[in-house]
Amino acid sequence: MADWWLPRNLFAQRVAGARTPERRAIVVTFGGGVRYEDTLARDGWVNIPHLASDLVPQGIVFPAARHEGLTGHFNSTGALVTGSRQNVDAYGSEAPVTPTIFELFRKERALPPEETWVVATNKSFGLMGGSKLRPFGDPYSANVILPKQLLINTIKSAVSTNGGPGVEDRQALAERMMLALDEGYEGFGWKVFESGRTLSGELKASLAKSLLDYFNDPAAPTSGDELTFFMTKEIMNRFAPSLLLVNFWDIDIAHYGAYSLYLDAIRRTDRLVYDLWQHAQSLPAYKDRTTLLVVPEMGRDSDVAGNGFANHRSGDESCRRVWLVALGAGVPKGTGTERPIRTLDVAPTVANILGFRMAECEGKALGELV
Amino acid sequence: MQFNAELTGDAATLARTHSGVLARLPATVSAFILVELTKWPLLFPPERRYQRALLEHLSRIPADELERSVAGIARVEAEAGASKIGERNPARFQDEAQALLRKRGLLVAWRSEVDVLFQKIDPALEAQLYPGDAPRRLIVQIYGREIAVQREKLWSRFKRAGLRVPLNLEGEADTERFLATLFGVVGNRSTTPALLDGAWVIEAHEALHAVFDGGDTRLKPSRDESLTGLSYDRLRSYRDDLTRTLNAKIQSGVESPQAFAAYARSLRIAPAPGALLRADDILLAFVRDVLLTGNGTMIVNNTFVEWAAAQALRRAQPRVLATRFGVRDKLKPFSSMIMFSQARPTDHVPAVPDPAGSFIDVEQLSYYVWVNAEKNPAYRGKTLYLFLAEGVDEMLAIGPDTAAPPTAIAPARLEDVCATMSIWLGVPVPDGSGQPIRALVG
């Protein structure tokens with residue numbers, strides 16, 4: 001695997017006058033919508049052993065966090081990265097209407113695109129990296145990568161016709177994946193804001209190879225979040241971005257109505273968050289200078305007042321009650337506070353951590369963290 | 001606002017009779033009612049009764065009082081600019097109004113005002129439609145034998161609710177015998193037992209159906225059509241056809257999720273003969289809607305059972321409902337995203353059952369069926385719920401007045417359970433049945 005990777009930052013853009021901060025921030029959405037009662041409530045601890053036993057003691061927990069606004073994935077995550085409630089197309093065809101932390105950060109510090117990344121399992125997150133505001137937008141947006149969607153569409157294409165190559169034909173699949181990248185990858189759910197530059201062929205080839213390598217691993221691919229985790233690690237290894245949003249989403253399998261699969265996804269997300277933190281600690285670029293924020297973007301319906309775990313459309317309290325765990329640089333260890341906070345507070349908190357000016361928004365920075 | 005609703009028969013008469021009140025209602029409410037009336041031929045009798053009662057009730061409210069009651073909705077509509085919508089077809093108006101409310105950030109406010117209105121209306125309608133002396137109802141939920149039941153966790157969602165009744169399962173070694181004895185099916189399978197007259201049977205596999213037709217689907221639709229049956233397994237070819245059609249549509253391109261939903265609703269695909277115990281137009285539309293509107297119902301058999309049961313309780317309101325959950329297959333990697341694709345046969349990964357995960361699932365799903373029933377005035381306070389797991393020598397019974405007796409309950413045979421259900425419903429106890437369980441029926 002290592003042989004496939006080119007030296008870190010070989011393809012990264014250099015921007016004159018860029019001021020990279022000392023600190024790093026990683027925001028993880030414990031995502032897809034998860035209920036408090038299935039996670040941070042006492043009965044839910046069994047589903048989040050790593051958070052409960054390994055991570056919370058290293059940081060601070062806010063058990064009384066609340067998501068306000070629409071209870072869809074794009075708008076709730078949009079609120080996380082802007083600090084303001086969003087009300088745009090739920091399927092991701094519109095960008096957030098207020099500036100994202102990625103744009104504010106990059107614009108103020110004159111940073112290249114490689115400094116901010118969104119790695120998302122959710123296929124509708126192509127426009128999560130930047131707002132639709134004229135002074136911001138693409139020139140300052142984060143790179144967005146939707147690895148699951150890219151891989152799935154390639155597999156789907158490969159297996160859906162009798163004429164095409166089967167998935168057992170790895171070389172043919174590799175070629176098809178390259179084709180997918182070359183053919184305007186936005187249509188395949190892949191979007192990278194290029195900021196006036198063109199991604200080099202080498203970078204595209206390298207990313208496609210990494211996906212194929214992952215696909216060829218006998219232990220994979222079993223879930224979109226595993227793939228997202230894999231790609232996140234590679235991006236950290238290569239670009240060491242200062243700001244990273246990792247969107248896990250397997251938990252949304254709850255929509256299938258199988259409670260055991262929902263619980264499995266929670267446990268997997270818990271493990272991946274732990275592994276991600278371990279990985280960050282193994283990299284000099286991140287060790288001791290990184291703050292990790294873990295937060296569900298929203299909850300799911302309650303059993304009685306709502307429609308049950310399968311959905312997140314009732315807007316009841318269970319859809320809104322979440323939690324936040326923070327650890328790493330600048331975070332007091334082994335503490336917690338019942339102080340009510342909002343998921344809208346994440347964006348200004350990240351601004352404080354990375355030292356850039358937050359635009360006017362609804363959220364307020366969490367003073368406990370910096 | 002004047003709508004052009006394409007109504008016929010009773011629906012047209014109803015709309016004409018109540019045209020005055022329909023004109024006074026805010027456009028979104030009026031459109032909602034007209035959309036329901038448009039579906040009249042595909043509404044179940046309780047749904048028709050509700051629409052009729054709703055219009056009659058609204059018509060009885062003095063004009064000024066009605067105006068006050070709907071003022072909140074009218075205000076939100078005005079704020080959104082709904083009056084500028086030129087569409088006169090109620091369904092299309094509804095779509096446009098919803099999109100407008102969403103765009104203006106007023107959907108939640110509108111929804112709240114609608115809730116306020118119906119919180120005022122519903123008690124009166126419920127008292128009229130579901131009087132306290134309405135007939136008793138019965139819901140039986142069964143876990144199939146293949147599910148890996150964990151006794152210490154069985155029906156744990158109900159905590160201490162209801163009564164655990166020990167069962168004597170001697171002689172009930174297999175599923176067929178278990179189910180036949182439970183429902184009093186002996187000898188002639190073509191006659192529906194009295195306690196299942198008008199019942200709905202919804203299951204993951206087809207064991208319950210087989211009890212009534214011996215597994216011979218050529219016998220169906222049943223002669224008296226008094227039994228409604230939905231089997232996830234028996235609907236396999238129908239589900240495949242539906243999947244193929246939707247996939248073809250996706251491949252050819254859809255303009256929006258709304259357009260895709262409208263296309264899906266317009267599909268007229270019929271299940272194979274024998275797949276359903278009865279197959280009238282209302283039921284065919286119901287099955288299609290269950291598969292298209294319920295998340296996961298196309299993919300997970302037990303989710304199909306729960307969602308179909310919840311919809312049946314809400315819409316058809318059968319007096320008796322029997323569900324039977326089974327073992328679902330393990331989810332294949334990434335199958336979530338290629339569900340509408342038809343992979344080549346050589347690419348198929350064999351299905352692997354998940355009995356342990358299925359137990360966790362059905363504990364939650366059977367609880368949700370109960371929650372849905374208890375939310376419904378047709379069932380609340382009038383229903384005996386029985387929970388059984390094949391091969392497990394106890395059952396859970398929850399009734400309006402179920403309380404633990406002073407002395408331990410003697411183990412009941414399935415014949416006794418059958419007699420109990422019959423007595424509860426006030427129907428003749430089948431020949432050869434046992435003694436009713438007094439703790440449940442007095």
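1. Strand β6 of chain B (residues 383–389) has 7 of its 7 residues buried, so the strand is largely enclosed by the rest of the structure. The model is predicted, and this note should be read with that in mind.

2. In a regular strand, side chains alternate between the two faces of the sheet. In β6(B), B:T383, B:Y385, B:F387 and B:A389 point one way, while B:L384, B:L386 and B:L388 point the other way. Residues of both sets are buried.

3. On one pairing, β6(B) runs parallel to strand β1 of chain B (residues 137–143), with 7 bridges between them. B:L138 has B:L384 of β6(B) as its bridge partner.

4. β6(B) also pairs with strand β7 of chain B (residues 394–398), here antiparallel and through 4 bridges. B:L386 is bridged to B:A397 of β7(B). The hairpin of β6(B) and β7(B) has 4 residues between the strands, and B:G391 takes a positive phi near 85° in it.

5. Turning to helices, α6 (residues 71–80) and α8 (residues 107–129) of chain B pack with their axes 8 Å apart at an angle of about 160°. Because the cut-off for roughly antiparallel is over 145 degrees, α6(B) counts as roughly antiparallel to α8(B). Their crossing is left-handed.

6. From α6(B), the contact uses B:G72, B:I73 and B:V76; α8(B) supplies B:A109, B:W110, B:E113, B:V114, B:V116 and B:L117. By class these are 7 nonpolar, 1 polar and 1 charged residues.

7. As for chain A, the model has 10 helices and 9 strands there. Of its 370 residues, 58% count as buried.

Key. Residues numbered from 1 in each chain as written. Chains lettered and ligands numbered in written order. Predicted model: local features only at pLDDT ≥ 70, side-chain atom pairs only at ≥ 80, totals over all residues. Helix = DSSP H or I, 4+ residues; strand = E, 2+ residues; numbered from the N terminus. Buried ≥ 20, exposed ≤ 12 C-beta atoms within 10 Å, placed from the backbone. Axes fitted to C-alpha atoms, helices over the stretch in contact; angles between N-to-C directions. Parallel < 35°, antiparallel > 145°, perpendicular 65-115°, else oblique. Left-handed = near helix turned anticlockwise from the far one by under 90°. Contact = placed C-beta atoms within 7 Å. Nonpolar A, V, L, I, M, F, W, Y, C, P; charged D, E, K, R; others polar. Pairing = 2+ DSSP bridges.
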